[in-house]
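Here is a briefing for a first look at this structure. Start with the sheet, then follow the helices and the ring pairs.

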Amino acid sequence: MQAWRVYENGEPGAVMRREEVEPPTPGEGQVLLRVRAANVNFPDALLCRGHYQVRPPLPFTPGVEVCAETEDGRRVITTAALPHGGFAEYTLADAAGLLPAPDALDDAEAAALHIGYQTGWFGLHRRAALKEGETLLVHAAAGGVGSAAVQLGKAAGATVIGVVGGPEKAAVARALGCDLVIDRRSEDVVAAVKAATGGRGADVIYDPVGGEAYQQSAKCVAFEGRIVIVGFASGTVPAPALNHALVKNYSILGLHWGLYAAKDPASIARCHETLTGYAAKGIVKPLIGERVPFARAADAVQRVADGTTTGRLVVLPEGARA
């Protein structure tokens, strides 16, 4: 089978190699899956760099999220069992982690419904307890993670403010349904949020970026607001001033979705049922920026690493029609 493999850590475009390998053999509790579509996530870039919290043995195949087909023909979505990731014709996954792919979505869309939307659901509802009528601020609102949070925020009845970089991404965020879009390249984010909220600030802030975005969040979060930390796409991990959180009465909440699989796996299935229902009703629909041919997988991961993409890039094996 064809697979992309990493033999040494570095930038994805330099270290991912396409080669012919034998299909992986399932271990105990695992199943072999035929990949129909593999979503590109920022953690794939971190895996290539050796900067992710999980470090699979070299060589490995990246690709943490797939829509795939079981040996008995079922269409499923799941996270791949590293080191046998999804940028290959076949991958491995834990049998207990398989979820039915929503009928309302094609393969590329289904692959993108999993980690980003589950992270958004747990972050907004379980961690931040977002309420109808509150104001939600989403950083990187036109990206794969941010676009999911925008749709879920609107579904919850929140007023959604999207922060983006550049006019093209601003147009995408408006089309997603943001009530206000702020271009961080040409506008003062803090001033714009305060102006839009009558000086109060945002009740919930969803931050997959870190760095300067977090500093802006701390300056425009409302009284008893909640800042949800879901990643550091900027490459800079902020050091929060806890005295500032104390004097402004706001909460800083971490969200690592992968822990729910170990600590509360039943909650993942319940969340998936909710998201599947949303997809069936058209309430959410993953924003696919590009369906990428298998031969360009390394380039796709590099572009996500560089932050130049809009929505999700999804890699399709040769012959796939998603």
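Six strands build an open sheet in the order S10-S9-S8-S11-S12-S13, and their pairing is parallel. Strand S10 (180-183) and strand S13 (251-254) are the edge strands, each pairing on one side only. The model is predicted: local features need pLDDT of at least 70, side-chain atom pairs count only at pLDDT 80 or more, and totals for chains, interfaces and linings use all residues. Residues are numbered from 1 along each chain as its sequence is written, and side-chain values use heavy atoms, leaving out hydrogens and water.

**The open sheet**

- Helices (H or I, at least four residues) and strands (E, at least two) are DSSP runs, numbered from the N terminus.
- Two strands pair if DSSP finds at least two bridges between them.
- Strands of a sheet pair through backbone hydrogen bonds, either parallel or antiparallel.
- Strand S12 (residues 221-229) runs parallel to S13, and four bridges join the two.
- Val228 has Leu253 in S13 as its bridge partner.

**Helices across the sheet**

- H4 lies across strand S8 (135-139), strand S11 (202-207), S12 and S13.
- H4 runs at about 150 degrees to S11; axes are lines fitted to C-alpha atoms, for helices over the stretch in contact, and angles run from 0 to 180 degrees between N-to-C directions.
- Helix H7 (residues 189-196) lies across S8, strand S9 (159-164), S10 and S11.
- The angle of H7 to S10 is about 160 degrees.

**Antiparallel strands**

- Strand S4 (residues 65-69) and strand S5 (residues 75-79) run antiparallel, joined by five bridges.
- Cys67 stands opposite Ile77 in S5.
- The hairpin of S4 and S5 has five residues between the strands, and Gly73 takes a positive phi near 90 degrees there.
- S5 also pairs with strand S7 (residues 99-100), in the antiparallel sense and over two bridges.
- Pro100 in S7 is the bridge partner of Val76.

- Ten of the 13 residues of H4 are buried, where buried means under 20% relative accessible area, exposed over 50% and partly exposed in between (1.4 Å probe, protein chains only).
- Among the buried residues of H4 are Ile115, Tyr117, Trp121, Phe122 and Leu124.
- The axes of H4 and helix H11 (residues 265-281) come within 10 Å and cross at roughly 105 degrees.
- H4 and H11 are therefore roughly perpendicular; under 35 degrees counts as roughly parallel, over 145 as roughly antiparallel, 65 to 115 as roughly perpendicular and the rest as oblique.
- Contact (heavy atoms within 4.5 Å) involves residues including Tyr117, Trp121 and Arg126 of H4 and Ile268, His272 and Tyr278 of H11.
- The contact of H4 with H11 has seven nonpolar, four polar and two charged residues.
- Ala, Val, Leu, Ile, Met, Phe, Trp, Tyr, Cys and Pro count as nonpolar, Asp, Glu, Lys and Arg as charged, and the others, Gly among them, as polar.
- Just after H4, Ala129 takes a positive phi of about 50 degrees.

**Aromatic pairs**

- The structure holds three aromatic pairs; rings of Phe, Tyr and Trp (its six-membered ring) pair if their centres lie within 6.5 Å, and planes under 30 degrees apart count as stacked, over 60 as edge-to-face and the rest as tilted.
- Trp4 and Phe294 form a tilted pair, 6.3 Å centre to centre with 55 degrees between the planes.
- Trp4 sits in strand S1 (residues 2-6) and Phe294 in the loop between strand S14 (288-293) and H12, 290 residues apart.
- Trp4 is buried at 8% relative accessible area, and Phe294 is buried at 4%.
- Phe122 and Tyr260 are stacked, because their ring centres are 4.2 Å apart and their planes lie at 25 degrees.
- Phe122 lies in helix H4 (residues 115-127) and Tyr260 in helix H10 (residues 258-263), so the pair ties together parts 138 residues apart in sequence.
- Both Phe122 and Tyr260 are buried.

**Helix H12**

- H12 is largely enclosed by the rest of the structure, because seven of its ten residues are buried.
- Among these buried residues are Ala297, Val301, Gln302 and Val304.
- The cover over them includes S1, helix H2 (42-49), S14 and strand S15 (312-316).
- Asp299 belongs to helix H12 (residues 297-306) and is partly exposed, at 37% relative accessibility.
- Just after H12, Gly307 takes a positive phi of about 70 degrees.
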